[in-house]
Amino acid sequence: MFSYNAQRLASAGSMALRAAAQRRFLATVTEATTTPVKAESPFPTHVQAFLRDFKTNEPVSIINLNEKVFAAPLRRDILHRVVVWQRDNMRQGTHSTKTRSEVAGSGRKLAQQKGRGKARVGDGKAPQFRGGGIAFGPKPRDHSTQLPRKVQQMGLRVALSAKYAQDQMTIVESFDQLESPKTRELFKLLRQTYGDEMTLLVSGEENEKLELAARNIPRVEVIHVDETNVLDLLTYNNLIIDKSAVDILEEALAA
């Protein structure tokens, strides 16, 4: 009797274990079939560039750049839209011409209405007379247009990627290596090390020495990373940017 009960309990326990194992297996299969699997891209998510010394232009190390920011496909239509939008916003719109009511002069009728055999005329401020007002002339107005922020950010990514692809971008450790705010020293450094071309320097931090040194150099401009825009990137042939500015751009444009 004892052995029969023990055998029955053992068989019941094994059945419970088998049922629990089966339930766990079914749960695992169900979870595996219903949970979406995120496929990893076989392509690299970054591109590499040399980190150089600002004074010597010698490579110091190799850094990884975000592929979304510095390896975006070329979109000329996006660049065109952003440049047109920037130039529209740069227009002052202060052009103005005088109408016949604003021109100085008498309002006397120049000739009689009938009897001359000629066309009827009014005062001398009419548009058809010399010295008269301008018909449908320009007046002060706002020329600025609107552009979605996503298009603006995409334009920056395309412009930075174009600079990287054309080997016109140099990433330096820092501009703090410039010891003096003298224009002569910076001009000599840029001419001997980076070539005598139009150069745009983008700094991630405020650098008063660099700004003072580059203020009187023709075809050279220094801007903060917050002022980075497509028009400047396309205008200047060379782009020199420090590592801190690269990090800020990647954080802002990679999303």
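Where in the chain does Phe 136 lie? In this predicted model, Phe 136 belongs to the loop between helix H3 (76-90) and helix H4 (149-165).

## Overall architecture

The protein chain contains 8 helices and 6 strands. Read from the N terminus, these elements follow the order α-β-β-α-α-α-β-α-β-α-β-α-β-α. Of the 255 residues in the protein chain, 32% are buried.

Phe 136 is not a glycine, yet its phi is positive, at about 60°. Is this residue, Phe 136, buried or exposed? Phe 136 counts as exposed because its relative accessibility is 85%, and the term exposed applies over 50%.

Arg 219 also is a residue other than glycine with a positive phi, here near 65°. Arg 219 is found in the loop between helix H6 (208-214) and S5. With a relative accessible area of 44%, Arg 219 is classed as partly exposed, since this value falls between the limits of 20% and 50%.

## Aromatic pairs

A pair of aromatic rings is described by two quantities, the distance of the centres and the angle of the planes. The count for this model comes to 2 aromatic pairs. In one of them, Phe 54 and Phe 175 stand edge-to-face, with 5.0 Å from centre to centre and 85° between the planes. This pair links distant parts of the chain, as Phe 54 and Phe 175 are 121 residues apart. Phe 54 sits in the loop between strand S1 (46-52) and strand S2 (59-66), whereas Phe 175 sits in the loop between strand S3 (169-172) and helix H5 (183-194).

Why do Phe 54 and Phe 175 count as buried? The relative accessible area is 0% for Phe 54 and 1% for Phe 175, and buried means under 20%; therefore both residues qualify. Ring pairs also bring in Tyr 194, so that Phe 54, Phe 175 and Tyr 194 are linked into a cluster.

## A patch of negative charge

Which residues gather in a patch of negative charge on the surface? The patch consists of Glu 206, Glu 208, Glu 211, Asp 226 and Glu 227.

One of these residues, Asp 226, is placed in the loop between strand S5 (220-224) and helix H7 (230-235). Asp 226 counts as exposed because its relative accessibility is 65%, a value over the 50% limit.

Terms used. Residues numbered from 1 in each chain as written. Predicted model: local features only at pLDDT ≥ 70, side-chain atom pairs only at ≥ 80, totals over all residues. Heavy atoms only, no water. Patch = residues over 30% accessible without salt bridge, like charges linked within 9 Å, V, L, I, M, F, W, Y side chains within 5 Å. Areas by Shrake-Rupley, 256 points an atom, 1.4 Å probe, with all protein chains shown as cover. Salt bridge = Lys/Arg side-chain N within 4 Å of Asp/Glu carboxyl O. Lys, Arg positive; Asp, Glu negative; His and termini not counted. Charge placed at Lys NZ, Arg CZ, Asp CG, Glu CD. Helix = DSSP H or I, 4+ residues; strand = E, 2+ residues; numbered from the N terminus. Buried < 20%, exposed > 50% of the residue type's maximum accessible area, 1.4 Å probe, protein only. Phe/Tyr/Trp six-rings, centres within 6.5 Å; stacked < 30°, edge-to-face > 60°.
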